[in-house]
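These are my notebook entries on a structure that I consulted for the first time. I recorded what I looked up, entry by entry.

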Amino acid sequence: MSVHEANRMRRLPLYLFTILDNLKEEARARGLEIVDLGMGSPDQPTPKHVVEELCKQARITENQRYSRSDGEPECILKEAIASWYKGRFNVDLNPETEVLPLIGSKEGIAHLSLAFLNHDDIALVPNPAYPVHFNGVIMAGGILYNIPMTAEHDFKPDLWNLNKEVTSRAKLLFLSYPHNPTTSVADISFFKKVVDWGKNKELIIAHDLTYSDIVFDGYKAPSILEVPGAKDLNLVEFHTLSKSYNMAGWRIGFVVGNSAVLASLAKAKSYIDFGIFRAIQLAAAKALTGPQDCIKELLEVYKSRRNVLVDGLNSIGWPISKPKATFYAWTRIPPKFNALTSMEFTALLVKESGVVCSPGTGFGEYGEGYVRFALVENEEKIKKGIDRIKKLLTTEY
Ligand SMILES: Cc1ncc(COP(=O)(O)O)c(C=O)c1O
């Protein structure tokens, strides 16, 4: 018996990591050791004190019940988020109305589109992008409008020269700096310009600040909410504990900002999910309010890996620049393979060297010609991968 998915499901591109998984399996079956720099899934452990808090809280009966937005554990987490924001960005938030915990930021980003987009509403999505920014729009049945981003403009969207008709029908704009996959970073002056552009517009600006803590060489990632007047707009900012505290599998993130936007998102969610396991909420509060040395240690790990990867690739003739933030490196495919698409090149790399990266087109059509490496293997493995890539670059094809 055949099944017929909804059209909006059929409009979704094939999930990138499914394709990569198949390529990896084939290479593994041929006896190749895989160096997996594909998916941005942190390999380091969650800090011990956070795991201990989870275990302690999981034993308490009250915490095993359905989550309730006005419950005590829920209030503890929302207050922890608001005080983290104050300490980190000097932004004041009302924990009751301007903070909403999420089952990971991906969940919240997808549901934001569902909560706000009608079939004739436009969502402006800079491209390349983290896939849920555009896939969420497709799933919600809205109109996706890609704003091309290029290296020439430091992977920033040109909001100022958009078609006026498009801008006037836009209900949502996604932004995200530090940026996955391009590693582009923004300073507060860029966010000031965005806030100025957003004044007198009703559209919702959603900034995804997933990589706020994964920063190097003195760069500090600002919050768009630091801009004076930002809170007068329909502006929200997404965060996650997945990357800063290696809690990707726990599924915990949050969104802060405009209370009316958050109320509608909470309303949409209330028809779909039952909130977050309370023990996870309390452990997340511990992560945000407890000692932060774990982030410093994590940054040392990523920084060393970044240097090994970037210096290594440059030394074998594959030009790549050092990212100031995120745990990715983004570069054009080597000139020798210019005739290949980024997907074809990625497949060749896995097949010949066992090194897995992500093709730029997994992040949208404007990622063509690029690949992304995630720094989620240890230095030794990265070095091994570079040696094998060297062979590929020096072999005649
Ligand atoms: C830019 C960006 N946003 C959101 C997410 C999703 O994070 P979470 O684990 O909180 O769903 C990721 C994960 O890689 C990401 O890179």
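Leaving aside its neighbours within four places in sequence, with which residues is Ser-176 in contact? I found Tyr-130, His-207, Asp-208 and Thr-210, contact being C-beta atoms, placed from the backbone, within 7 Å of each other.

I noted that this is a predicted model, in which local features need pLDDT of at least 70 and side-chain atom pairs count only at pLDDT 80 or more, while totals for chains, interfaces and linings use all residues. Residues are numbered from 1 along each chain as its sequence is written.

I placed Ser-176 in the loop between strand E5 (170-175) and helix H8 (188-198). Helices (H or I, at least four residues) and strands (E, at least two) are DSSP runs, numbered from the N terminus. Ser-176 counts as buried because it has 22 C-beta neighbours inside 10 Å; the cut-offs are 20 or more other C-beta atoms within 10 Å for buried, 12 or fewer for exposed, and partly exposed in between.

I then turned to helix H13 (residues 379-394), which has 16 residues. Its buried residues are Ile-382, Gly-385, Ile-386, Ile-389 and Leu-392. They cover an arc of only 115° around the axis, which puts them on the same side of H13; the arc is taken from the directions from the helix axis to the C-beta atoms. On the other side of H13, I found Glu-380, Lys-391 and Thr-394 exposed. The cover over the buried residues of H13 includes strand E1 (35-36) and helix H11 (293-315).

Technical notes:
The expected span of a helix is 1.5 Å times one less than its number of residues. Two residues are in contact if their C-beta atoms, placed from the backbone, lie within 7 Å.
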